[in-house]
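Let's take a walk through a protein chain together. Keep the sequence and the 3D view side by side as you read.

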Amino acid sequence: MAKRDYSLLGADGARAVETGLAAAEWYHTEVPRKVMKDLMQRTDAPAIRDTILLYGLMAICIGIGIWLWPSLWSAPFWLVYGVLYGSSSDSRWHECSHGTAFKTPWMNNVVYQIASFMIMRNSATWRWSHARHHTDTCIVGRDPEIAVMRPPVLAKAIGSFFGLTEVIDFFPRLIRNAISGPTAEERTFVPESEWPKVMRVARIHALIYAATLGLAVWTQSILPFMVIGLPRLYGAWHHVMTGLLQHGGLADNVIDHRLNSRTVLMNPISRFIYWNMNYHVEHHMFPMVPYHALPRLHDTIKHDLPAPTPSIAQGYREMWPAFIRQLRYEDYFLKQALPPTAKPYREEFHALSPGTPPAAPANALPAE
């Protein structure tokens, strides 16, 4: 059985281009033009409100955390700050990269740059990486943002809850980007005209981390790293917890987001941290709809989508057994049932994966 080649320079990526799977025409639920125009309407107010709340909470936590440092009484404030730094930054980076969070372009860019630094991503590289992710979602050898490959490396997935996976990758890549620009794989999706920007952003990030290190050495304290850097490790768990649910255990090499993306109902706090990205099928199908309109989009098209997973816990009850099954049979995936009102799945490209078995229902446990 042929193994998947996830390298952007490998055989699977080339095959996807040759067969037309790359940059294919994806399935979209039909939405009346007037309704879609209303859903895509941009406004600054919701994002300004949420951004003031986010950065205000972070400032309060920093202030109290430093005031109480090094007492253990400071720990709760650093823990909250860590989640806001290491997890909310992921959703802010994401939405502002689409340019939809705010109506005003410079507001999107300012928050995007800040969030990119906090989440340890080169803002010039990841803007193009995410564009490719939307063009070729979960297409093996084309999508640079596949979180869990097949067969899954579960130790790596678990390590990502502590920020280890991305942070270990980040610093060598930061040095490489600062010296010579994008890596070979990054150059497959970053236009050559943007390569100097990749280098410039990497150098700015490197200078900030160097200054933080210098301050820590001068004060003989890790406190500077409690403000910059360390929260990316201990605060990453929420964005990883929610992020794995986006596509984990679902189909790859298909051109229907209902097959490769998952919508999960979440509590208001998680939705604030995640900025409504729990409506992930809806987001991928219509990525130019702002985050604050995604609940309305869900209500508009839910007749054509799988029923949303009712909770984060239920999502893991579905996904984790699929990961275990994929350790033995990497072509296994979960196939969520469509309601009677939905159009059939668009699955014709799935045959590109050799040896693909019939899909299991969403709540199926791995066979022994």
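Helices here are DSSP runs of H or I with at least four residues, strands are E runs of at least two, and both are numbered from the N terminus. Before going on, a word about the model: it is predicted, so local features need pLDDT of at least 70 and side-chain atom pairs count only at pLDDT 80 or more, while totals for chains, interfaces and linings use all residues. Residues are numbered from 1 along each chain as its sequence is written, and side-chain values use heavy atoms, with hydrogens and water left out.

Now step back into helix 5 itself, residues 88-98, where eleven of eleven residues are buried. Buried means under 20% relative accessible area, exposed means over 50%, and partly exposed lies in between (1.4 Å probe, protein chains only). Among the buried residues of helix 5 are Asp 90, Arg 92, Trp 93, His 94 and Glu 95.

Zoom out for a moment. The chain's secondary structure comes to 18 helices and two strands. Its C-alpha trace spans about 60 × 45 × 40 Å along the principal axes. A compact globule of 368 residues would have a radius of gyration near 21 Å, and the chain agrees because it has 21 Å. (That radius is taken over C-alpha atoms, and the globule rule is 2.2 Å times the number of residues to the power 0.38.) Buried residues make up 53% of the 368 residues. Of the contacts with a separation of 6 or more, 73% are between residues 24 or more positions apart; contact means heavy atoms within 4.5 Å.

Next, look at a pair of helices. The axes of helix 3 (residues 45-68) and helix 6 (residues 105-118) come within 12 Å and cross at roughly 35 degrees. Those axes are lines fitted to C-alpha atoms, for helices over the stretch in contact, and angles run from 0 to 180 degrees between N-to-C directions. Which residues of helix 3 meet helix 6? They are Ile 48, Thr 51, Tyr 55 and Met 58, and they meet Met 107, Val 111, Ile 114 and Met 118 in helix 6. By class, this contact has seven nonpolar, one polar and no charged residues. Here Ala, Val, Leu, Ile, Met, Phe, Trp, Tyr, Cys and Pro count as nonpolar, Asp, Glu, Lys and Arg as charged, and the others, Gly among them, as polar.

Between helix 3 and helix 4 (75-86) you'll find Pro 70, and the peptide bond from Trp 69 to Pro 70 is cis, with omega near 0 degrees. Another cis bond joins Arg 150 and Pro 151, with omega about -5 degrees.

Is Arg 150 buried or exposed? Arg 150 counts as buried because its relative accessibility is 6%. It sits in the loop between helix 7 (123-135) and helix 8 (154-160). Its C-alpha atom is 5.3 Å from that of Glu 330, although the two are 180 residues apart along the chain. Besides Glu 330, the residues that Arg 150 touches include Arg 4, Asp 252 and Phe 333.

Finish with Trp 275, in the loop between helix 15 (268-274) and helix 16 (280-285). Trp 275 has a positive phi near 55 degrees without being a glycine, and it is buried, with a relative accessible area of 1%.

Technical notes: Lists of a residue's contacts leave out its neighbours within four places in sequence.
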